[in-house]
Amino acid sequence: MTGSFQERSARGSRSAAGGGDWPERVHSLLRAEAIDLIALVPDAGHAALIRHCEADPGMRMVRLSTEEEGVALLAGAWLGGIRGVLLMQSSGVGNCINMLSLPVMAQFPLLMLVTMRGDHGEFNPAQLPMGQASPRVLEAIGVLVKQVDATAQVEETVHGALRLAFNSCRPVAVLLGQKMLGAKDFRKLARGE
Amino acid sequence: MTRKSTSALAPRLRRREVVSVLLADRGGILVIAGLGAPAWDVTAAGDHPLNFPMWGAMGGAAMLGLGLALAQPTRRVLVVTGDGEMLMGLGSLSTIGVSRVSNLAIVVLDNESYGETGQQASATGHSVSLAGVARECGIVDSSAPTTIEEVRALRDRIHAKDRCVFAQVKIDPEKLPLVLPPRDSSYLKHRFRLALLGDSALHD
């Protein structure tokens, strides 16, 4: 399933010059910025970044039952002096909203990297409500939102968002657009391709 | 459905006595208190810079504790919360069980009701065993103490810091005067980090 997704997601940006190696670059960035904890609910769009982080003995991976656990986990981690990031798909954004009251109210740094669904080229109608609502609900609760639609701009956008989150003690979300990730081709999957 | 009455014959433990036993000679323990009565109970035992009482984020207390436990592996982290708050974050017991941390303890003060909102019944008054869920999630030291002696033994296991601990303590559903901690969570955050990390907390 992820294989097919990866194939599409790399289209047009397979070269390192085009930013197709953004997962590797973002992993290096997280390492350089002393991110020790990766909290996640998996998504195909994050699969390569997750692999890089898993292969890094300096990074602790915490697989969550639901995304809001990660909001509380990373608040606790920062209370104890370490930094983490939260990886999720856009369908998980809604799960986080009330939990985000903690970092918003108390000014905890939080970096959320959100892979978008329900937008450019989406096949599955069930992804649309949360995907389309994601930027607005995040902004409504008080999270700063940065959208990126080109692989070549991922590293810089994540870097700026990370600095913003940890320098100013605010929750920040980077939305990794479906135009950049590619849409999962359910018809091909149904044909067993 | 009727409420279970199996323990109605024996007097139930009193929440503030349980918490004061757990926090006696607290040493370097780091404390997260779930919103509502557990936050008042922890504060009644003595306001402390290494307490982080929550005013919201219901369902997040155990995960806040896990994050803190991962960040501070040599310190014991104790989460004191209520049955309603734990039920809202039930999946976090799965996450915590898998994490295999040995320095996190979670104590649920279980009055089988939503005490802050008018004593409406919660699921733990029916057939839901939080200690059972925790055990099946891999937290081996999961118990349901019913006497103050068992709570003292629990306190000693918590302070030993050598294993993840979960306890569901059935308590009297009494309403007590509120003992309020400071309510500015940004202040509570700075106070906690300064006490734990020193001045570097303000610069990193």
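**Confidence**

I began with chain B, whose mean pLDDT is 95, with 96% of its residues at 70 or more; pLDDT is the predictor's confidence in each residue, from 0 to 100. This is a predicted model, so I kept to its rules: local features need pLDDT of at least 70, side-chain atom pairs count only at pLDDT 80 or more, and totals for chains, interfaces and linings use all residues. For bookkeeping, residues are numbered from 1 along each chain as its sequence is written, while chains are lettered from A and ligands numbered from 1 in the order in which they are written.

Chain A averages a pLDDT of 92, and 91% of its residues score at least 70. Its residues 1-14 fall below 50, and this stretch has 25 contacts in the model beyond near neighbours in sequence.

For the complex as a whole, I noted an ipTM of 0.95 and a pTM of 0.93 from the predictor.

**Size and make-up**

I counted elements next, taking helices (H or I, at least four residues) and strands (E, at least two) as DSSP runs numbered from the N terminus. Chain A has 9 helices and 6 strands, and chain B has 8 helices and 8 strands.

How does the radius of gyration of chain A agree with that of a compact globule? With 193 residues, such a globule would have a radius near 16 Å, and chain A has 16 Å, which agrees. The radius is taken over C-alpha atoms, and the globule rule is 2.2 Å times the number of residues to the power 0.38. For chain B, with 204 residues, the rule gives a value near 17 Å, and its 16 Å agrees.

Along the principal axes, the C-alpha trace spans about 50 × 35 × 25 Å in chain A and about 55 × 35 × 30 Å in chain B.

**The sheet of chain A**

I traced an open sheet of 6 strands with parallel pairing, in the order 2-1-3-4-6-5; two strands pair if DSSP finds at least two bridges between them. Strand 2 and strand 5 of chain A are the edges, each pairing on one side only. From one strand to the next the twist averages 20 degrees; axes are lines fitted to C-alpha atoms, for helices over the stretch in contact, and angles run from 0 to 180 degrees between N-to-C directions.

Strand 1 (residues 35-40) and strand 3 (residues 83-89) of chain A run parallel and are joined by 5 bridges. I picked out A:Leu40, whose bridge partner in strand 3 is A:Leu87.

At the other end of the order, strand 5 (residues 144-148) and strand 6 (residues 171-176) of chain A pair in the parallel sense over 5 bridges. The chain passes between them through helix 7 (residues 154-168) of chain A, a right-handed β-α-β crossover. Right-handed here says that, with the strands pointing away from the viewer, the path from the first strand over the helix to the second runs clockwise. A:Val148 has A:Leu176 as its bridge partner in strand 6.

**The sheet of chain B**

Chain B also gave me an open sheet of 6 strands with parallel pairing, in the order 2-1-3-4-8-7. Its edge strands are strand 2 (51-53) and strand 7 (141-143), each pairing on one side only, and the twist averages 10 degrees from one strand to the next.

**Where the chains meet**

I found 25 residues of chain A in contact with 26 residues of chain B. On the side of chain A that touches chain B, strand 2 (60-63), helix 4 (67-79) and helix 5 (101-106) of chain A give two or more residues. Which element gives the largest share of that side? Helix 4 of chain A does, with 8 residues.

Notes. Two residues are in contact if their C-beta atoms, placed from the backbone, lie within 7 Å.
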